[in-house]
Amino acid sequence: TYNSVISGVENLETVKFRIYPNPAQEVLTIEMSQDQSFKMLMVVSYEGREVLSLEDNSISNYQLDVSTFPNGMYLLIVSDEQKNQGLKKLIISR
């Protein structure tokens, strides 16, 4: 239903983080806001293919090596202990 789609989108805004530089070339910094940390981090290509998946309970700042990722657009998804999620568009450009 329409309402469940809207609430799903709202759910993606509950984990606040920033990424830089974007576009990235070699290394991407993922910085969680306040005292948050992520439990799961996933990078998905725009075609829907999972490129990377990491699980950790204590990371609030992370340096991600993207040097082997092909140029293009990706979705970076993080989720916390309560399964709240955040989503950012990531561009790899060299």
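User: Leaving aside neighbours within four places in sequence, which residues is valine 15 in contact with?

Analyst: Valine 15 is in contact with Met32, Gln36, Val78, Asp80, Asn84, Gln85 and Gly86, where contact means heavy atoms within 4.5 Å. Bear in mind that this is a predicted model, in which local features need pLDDT of at least 70, side-chain atom pairs count only at pLDDT 80 or more, and totals for chains, interfaces and linings use all residues. Residues are numbered from 1 along each chain as its sequence is written, and side-chain values use heavy atoms, with hydrogens and water left out.

User: Why is valine 15 called buried?

Analyst: Its relative accessibility is 4%. Buried means under 20% relative accessible area, exposed means over 50%, and partly exposed is in between, using a 1.4 Å probe and protein chains only. So valine 15 counts as buried. It's found in the loop between helix H1 (2–11) and S1; helices (H or I, at least four residues) and strands (E, at least two) are DSSP runs, numbered from the N terminus.

User: What makes phenylalanine 38 and tyrosine 62 an edge-to-face pair?

Analyst: Rings of Phe, Tyr and Trp (its six-membered ring) pair if their centres lie within 6.5 Å; planes under 30 degrees apart count as stacked, over 60 as edge-to-face and the rest as tilted. Here the centres are 6.2 Å apart and the planes are at 85°, so the pair is edge-to-face. Phenylalanine 38 is in strand S3 and tyrosine 62 in strand S5 (residues 61–65), 24 residues apart, so the pair links distant parts of the chain.

User: Are those two buried or exposed, and how do you know?

Analyst: Phenylalanine 38 has 1% relative accessibility, so it's buried. Tyrosine 62 has a relative accessible area of 22%, so it's partly exposed.

User: Why is the pair of phenylalanine 69 and tyrosine 74 called tilted?

Analyst: The ring centres are 5.6 Å apart and the planes are at 45°, so the pair is tilted. Both phenylalanine 69 and tyrosine 74 are buried.

User: How do you know that lysine 88 lies over the face of phenylalanine 17?

Analyst: A charge sits over a ring if NZ of Lys or CZ of Arg is within 6 Å of the ring centre and within 35 degrees of the ring normal. Lysine 88 lies over the face of phenylalanine 17, at 5.3 Å from the ring centre.

User: Which residues touch the most other members of the largest nonpolar core?

Analyst: Leu28, Ile30, Leu76, Val78 and Leu90 do, in a core of 19 residues.

Conventions: Core = buried A, V, L, I, M, F, W, Y, C linked by side-chain atoms within 4.5 Å.
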